[in-house]
Amino acid sequence: MSVAAPPSYHHAVVERPRAVRGGDIAKTLKATRERLSSRGGLAPGFDRELLTQHAAALQAAAIVLPLPVILTGLGLSVFTGPLPAVLWTGFALLGYLALVLVSRRFATDVSARFDVSRWAKLFVVGHVAAGLSWAYLATLSCADCAPLRFEIFQFTVLFLAIAMIAMVSSTLKAVVPLTFLPTALVLGYGIVAAPQPVLGAMHAVLIGAVPFFAVVAETLRRAAIAQLKHQSEKDELITELDIARVMSDEARLRAEEANLAKSRFLATMSHELRTPLNAILGFSEVMSNEILGPVGNDSYKEYVADIHASGQHLLGLINEILDLSRVEAGRYNLDEEAIDLVPIARACIGYIKVKAEAKNLVVRSEFEKNLPAMWADERSLRQIIINLLSNAVKFTPRGGEIVLRVGWTAGGGQYVSVKDNGPGIPEEELPVVLSSFGQGSIAIKSAEQGTGLGLPIVQALVKMHDGSFELLSRLREGTEAIAIFPNSRVLEVMPALDEQK
């Protein structure tokens, strides 16, 4: 029996509204902590558990307990005759029968107003009543028996009875001294009234056995209490962990749903966001080129050029956000075909050539010869290479160098690498740079700031091609970004289409 609330209760609590659920959880944890920190280290929950164990022990001993009583009665009949033996046996069996009936009544008590102290008193009274039979046995004597024969029998039976009660009823407090107090008084009176050295010693041993086994029973009781406390602490910990896990799962699901809703919203807003921007870009370009006539004012012409440049920058940012949103929402479809990496990489250099020349950057290419075709989406690969090259151009200082490599991997796949000799990225900032909207300290200080989505888009697109992305960087030495594609996408080693089905 556990003294903490069952885990199923807390699953029901978590499914309730937040305000009600919080109150129920607080009440449950408060009740458990009160059980652990109550006065004397024992609370009603533990008292009931100890009484339950005591009642269970009595019911388990109900079959065995009459046997030593009957055997004692048979042995007693040899010394005292049948009548005293029958009276003692009936008295003892009646006392233990009452105890068994009380324990069964206790097991069926499921009322809301369960009185622990009342039941504890009933059990103690029952044990004291049963102990009177052992006190009666201590008063008996045998005048016609050989010296000490009956006394040895009496000593053995009483000693075993004290030990038996201590073992069976150890979970009930002070049951041994209360049960055998009358017996100890009778034995003490015998020592004083008729002092005999041997008999007095035997009686003294029996009297001393009562506190000894009382200590043993109390030790067992404290061990049971310690076990209950450990069980309660474990139940409390499991309860708190279970609540934390369920609430964490709930929060994670809500965050995922919110993120998915955001991604779906942005993915569906592509047309609505781009249409006004295209109009701004188109009309500003017409005005900047003076297609319909001169603007008439040089300042206006500069403003129009700034509007066009800002519109292009904003359109680029929106495209990056929408691309990542479509990937996260699962609406980015790959149009896969057999493509060559080298021509795509060579074409991508042209996209950043103007910016690179403006910063006096040297862009070198190192392409592996005779690379076989790869099964991939050309648009995605083009975006991967352009994003990596654009980042390198953006953060490489004037007069720097950028190297674009395409070649084989050790596992038979293909890779695209962009390496620069820029300022590099601190090691602790690499996870930040690879996260959505994350920017390192170098990017924050740079004049050419973006959304921080270039590398996350590259990661997502490479992952959609079953590949992996690595970012290697050292401060003041440069950065290398590597997109790796597995050998399963290289057409020379890919299985036939029929084998894939």
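Which side chains meet in a salt bridge at 2.9 Å, N to O, with Asp242 as one of the partners? The partner is Arg245, and the two side chains form that salt bridge. A salt bridge here is a side-chain nitrogen of Lys or Arg within 4 Å of a carboxyl oxygen of Asp or Glu.

Before going on, a word on the source. This is a predicted model, in which local features need pLDDT of at least 70 and side-chain atom pairs count only at pLDDT 80 or more, while totals for chains, interfaces and linings use all residues. Residues are numbered from 1 along each chain as its sequence is written, and side-chain values use heavy atoms, with hydrogens and water left out.

Back to the salt bridges. The structure holds 13 of them. Arg245 and Asp242 are three residues apart in helix α10 (residues 197-268), so about one helical turn separates them. Helices are DSSP runs of H or I with at least four residues, strands are runs of E with at least two, and both are numbered from the N terminus. Asp242 counts as buried, at 13% relative accessibility, and Arg245 as partly exposed, at 42%. Buried means under 20% relative accessible area, exposed means over 50%, and partly exposed lies in between, with a 1.4 Å probe and protein chains only.

Helix α10 also holds Arg254 and Glu250, four residues apart, about one turn of the helix. Their side chains meet in a salt bridge of 3.7 Å, N to O. Arg254 is partly exposed, with a relative accessible area of 46%.

Another salt bridge is between Arg364 and Glu401, with the closest N and O atoms 2.9 Å apart. Arg364 is in strand β2 (residues 362-367) and Glu401 in strand β4 (residues 401-408), so this pair ties together parts that are 37 residues apart in sequence. Both count as partly exposed, Arg364 at 32% and Glu401 at 30%. Salt bridges with shared partners also join Asp242, Arg245, Asp249, Arg252 and Glu256 into one network.

Next, the aromatic rings. Rings of Phe, Tyr and Trp (its six-membered ring) pair if their centres lie within 6.5 Å; planes under 30 degrees apart are stacked, over 60 edge-to-face, and the rest tilted. The count comes to nine aromatic pairs. One of them is Phe106 with Trp119, edge-to-face, at 5.5 Å centre to centre and 80° between the planes. Phe106 is in helix α5 (residues 82-107) and Trp119 in helix α6 (residues 116-139), 13 residues apart. Both Phe106 and Trp119 are buried.

Phe155 and Phe159 make a stacked pair, 6.0 Å centre to centre with 25° between the planes. They are four residues apart in helix α7 (residues 149-168), so about one helical turn lies between them. Phe155 is partly exposed at 22%, and Phe159 is partly exposed at 29%. Ring pairs link Phe155, Phe159, Phe212 and Phe213 into a cluster.

Last, the strands. Which strands does β7 pair with? Strand β5 (residues 414-420) is joined to β7 by seven bridges, and strand β6 (residues 468-474) is also joined to β7 by seven. Both pairings run antiparallel. Two strands pair if DSSP finds at least two bridges between them. Lys419 has Glu480 in β7 as its bridge partner, and Phe469 has Ala483. Strand β7 (residues 478-485) is mostly covered, with seven of its eight residues buried. β6 and β7 form a hairpin with three residues between them, and Arg476 in the turn has a positive phi of about 65°.
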